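Please keep the sequence and the three-dimensional view at hand while reading.

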Amino acid sequence: MFLTRIAVRQPVFATMIMVAICVIGIFSYSRLPIDELPEVDFPVVAVVTSYPGATPEAVEKDIIEPIEDSVSTLSGIDTITSTAQTGSAMVLIMFDLEVDSASAAQDVRDRVSQIAASLPDTATDPRILRFDPSEMPILSIGLSSQTLSAGTLTTIAEDEISTRISNIRGVGQATVVGGLPNEVQIRLDPLRQTALAVGAVQVTSVLRDANVDLPAGSVTDASTSQSVQVEGRIPDLAGFEDLIIGQRGGFPIRLGDLAMVGTDLAEAESLAMIDGRRAITIDVLKTQGTNTVAVAEAVRKDIAAMQADPAYEGIEIALIRDNAVPVEQSFAAVQSMLIEGAILATVIVFLFLNSWRSTVITGLTLPISIIGTMAAVYFMGFTLNMMTMMALSLSIGILIDDAIVVRENIMRHLHMGKSHEQAALDGTSEIGLAVLATTLSIVAVFLPVAFMEGILGRFFLQFGVTVSVAVMISMFVSFTLDPMMSAVWYDPASEPGAKRGPIGRAVARFDIWFEGLILRYRGVLAWALSWRKTTLSVAGLTFIGGLMLFPFIGAEFAPPSDNSEVQVEMELPIGTPLLRTEAKIAQVDSVLRQFPEVIGTYATVGSSGAAGQNQATITARLSAPTTRERDPTALAAPMRAALEQIPGARFRVGAGGGMGGGVSAPVEVKLFGPDLNVLKRLADELAEKFEEVPGLVDVRTSLDEPQPTLGIQVHREAASDLGVTLSQVGQALSPMIAGETVSEWTAPNGDSYDVVVRLPSEYREDITSLSSLPITATADGSGIVRLDQIATVEPSQSAGEITREDGSRSVSVTAGLDGIDILTASTGIQAAQDALDLPPGYRIGTGGDAESIMESAVSALVALLLAIIFIYLVLASQFGSFLQPIAIMSSLPLALVGVMLGLLIGGSTLNIFSVIGFIMLMGLVVKNAILLVDNANHHRRDGMEVREALIEAGATRFRPIVMTTLAMIFGMIPLAVNLHGGTSQNAPMAHAVIGG
């Protein structure tokens, strides 16, 4: 081969090429960011709108339906999912993955802006948000103090600590959760309002206009130009009380006549608790594309600096959640496994070649290939993430294969008495076609994996490309560096009768035993060729037996990871106040702390846009994986059972650290139809049937219990007689009950406060006082129109939440799994669906793991089919035959038997990782057959009969086949046994490859 000839005759040039590969690779490695997952552009756009005080039905009709209609005609939309809750609406638009997310967001923004003016006046302007998986917090910092008030601590958290952290390079946002800032509170007195005939709208209008500085241009004389400004800012709190709201009988009515003015803590809208006690937390988000590990380390250093800073004395600053730790552990584990796998693979080489020089020559392929791949990873814009590192760890056994085959063949030619240079040229030339075919077969397998459809394909793109680049570099090194070093570096161990040390003599005895094994293999091969039908029958029965193992293995979309967290999602009845939720969280903390694995808890309510004060997310932090026997998945069931003793709450428990940030629901069935009452009945029936299916736990429906509401029914004739419109009623009640931020006041010391108009809590908590609230002044200004003059207040109920999908109302019934996999549960789930009597106009659909498994199975099947086709194309081109590739590929089905056994012994399931391992196996299995058939072809050209050629080829290639197979197996053992923790999710892939 021309590459080999150049390398052997120009050894310095070949060496410099290898040095250049290493230098560029090391340079690239130093600049590669480390992250958990590959960066994937998800074209998902959310439209979020607030509609204070509106029921879910009103939100659906007034906000969601107009937005859905406006965006539904955009091209490339996959699904539109909407959620209507009390006072808020969210429309989630998912586009096809081929659509650019920035373009999608702009298209949505343009469409929504066209209908924004037609939305209700009391609704806020719709916010257009792009979804980004990296916007999950990488760190959570807890703040508490025994000496500072909640308001002071919140001010320090918002104005100093979060600002300081936000300025760290790579930090995108630092959000304060559970803070209670100070605010200027204007507490209206409805009795005084009634007496003075002043409505709330009049008060808010004056406050909004009075506390501002207004520019009025500039005045210029001959020498200077001076700006003119109307100074309306209120200098102190007393200035608020002196504000004139209106005139009555020629006398001014001041704000102090109508309301109490003062500063106080804002009413809590979110809550954070550490170990069952109220605290303030700061969630840290990184910017897109930055190094997770580097950002986390910089934040940790800043926390340590603040802890030692006297300015923060009396404030406990602690890191309560660090999502960068699993990334660091996984990265460190893969680094260790790369080294261990390389050492084990190299030991196998020494065992078979009994030459430390041959071992060095062969082993150099590994570092050069790995380092060279770093350059490709860097220049292609990839990161060091789970996929690229998994690709490198799985490639260890493959990368040394080509070098083993080439060096073993060169050694064989040396034993024929040839010179080192001639043996290097002849040995590489003889085996070159087979090595090229095996490498191209592996590339042919992985390129379809890189271009799988859907989200799965986006994640495995970096995996497939990394493996393909690594094996191509490995082949290049095997065709250049290995023969060059074999030619210039004399190897005494290649001489017959060479003197050896104790280890060499022990290995020599192994070599004698192995030669005897080759002789016995000759006999087995001769018998198999003589009894071909028997051999084929045994192979067929073995294949059938392997398929029969499938039910014992089970299936799931992805194996759970151990991030040392168990997540508990708590749901209380609709309308539960925050104080009640806080008390329940404290109870959950005391229950979870009974488990010895739990070292602390962290709970949030209303953070990151979470729904309602009746829902809380509690994270139980566990000790390190090496110090406990139970993983988060094993702890979920006993924790769920222990939490059942807490009355009045529903819980969902699962392993933490999922991509969506919540507890996953592997089972999901969706019901679609127009009537919420019918959907509720169907969902309740299905949920009852799910409760009867063994292994299904945490059965829930997405339709909340009805929310208690107070319906204000306006008498239109009476309102018209008094000159009051429907919008005036809403505008008057909203600031009094919900509260309204009308301005921002800057205190003399420079602190900023929101100015909030609201009724005192005693009026807002008393339902009977609602009907007597003042609405607006009468037409002549002599009196006030009260609510009870134009409306009646009646208790009623409304839906707690309304969900829609693609324009139809929908309800989801979800469940978790306990002790069974989705495949085993599918029979009971399907039976429950079949037993449901759906009225006309109603339909059913599936989601959860079942949908994900179906989608990934189709993608994997297409990738597998393409891999087989590409392998055939490569082999047919290499061997110049239509039939020989079929003979080579006949070993593919039998690999499935080993896959099943490997998964069964390793305790793994059939999931996306093990399926990718099986596809990877396609390229590895044909490698052995290629070596065998290629050598048989050489013997056939030398004049041998087919039978003798096959037996001779089997004996000749038995050693390199066993060497490469063992090198690959031993290279993957650290990954298969999860030696260092942090890589348990990837283990099924190694189990599948080793078994196959």
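Glu565 and Arg321 are both buried in this predicted model. Their side chains meet in a salt bridge, with 3.0 Å from N to O. This pair links distant parts of the chain, since Glu565 belongs to strand β16 (residues 565-571) and Arg321 to strand β15 (residues 315-322), 244 residues apart.

A further salt bridge is formed by Arg522 and Glu952, whose closest N and O atoms are 2.9 Å apart. Arg522 lies in helix α17 (residues 502-530) and Glu952 in helix α32 (residues 946-976), so the pair ties together parts that are 430 residues apart in sequence. Arg522 is partly exposed, with a relative accessible area of 26%, and Glu952 also counts as partly exposed, at 25%.

The structure holds 31 salt bridges. Among the residues involved, Glu60, Glu65, Glu68, Arg804 and Arg809 are linked in a network of such bridges.

Attention may now turn to a sheet. Four strands form an open sheet in the order β12-β7-β24-β23, with mixed pairing. Because β12 (259-265) and β23 (740-746) stand at the edges with a single partner strand each, one side of each is left without a neighbour in the sheet. From one strand to the next, the twist averages 25°. Strands β23 and β24 (residues 752-758) run antiparallel and are joined by six bridges; Thr741 stands opposite Val756 in β24. Helix α7 (residues 200-210) packs on the sheet and touches β7 (182-188), β23 and β24, its direction making about 30° with that of β23.

Key. Residues are numbered from 1 along each chain as its sequence is written. This is a predicted model: local features need pLDDT of at least 70, side-chain atom pairs count only at pLDDT 80 or more; totals for chains, interfaces and linings use all residues. Side-chain values use heavy atoms; hydrogens and water are left out. Two strands pair if DSSP finds at least two bridges between them. Helices (H or I, at least four residues) and strands (E, at least two) are DSSP runs, numbered from the N terminus. Axes are lines fitted to C-alpha atoms, for helices over the stretch in contact, and angles run from 0 to 180 degrees between N-to-C directions. Contact means heavy atoms within 4.5 Å. A salt bridge is a side-chain nitrogen of Lys or Arg within 4 Å of a carboxyl oxygen of Asp or Glu. Buried means under 20% relative accessible area, exposed over 50%, partly exposed in between (1.4 Å probe, protein chains only).
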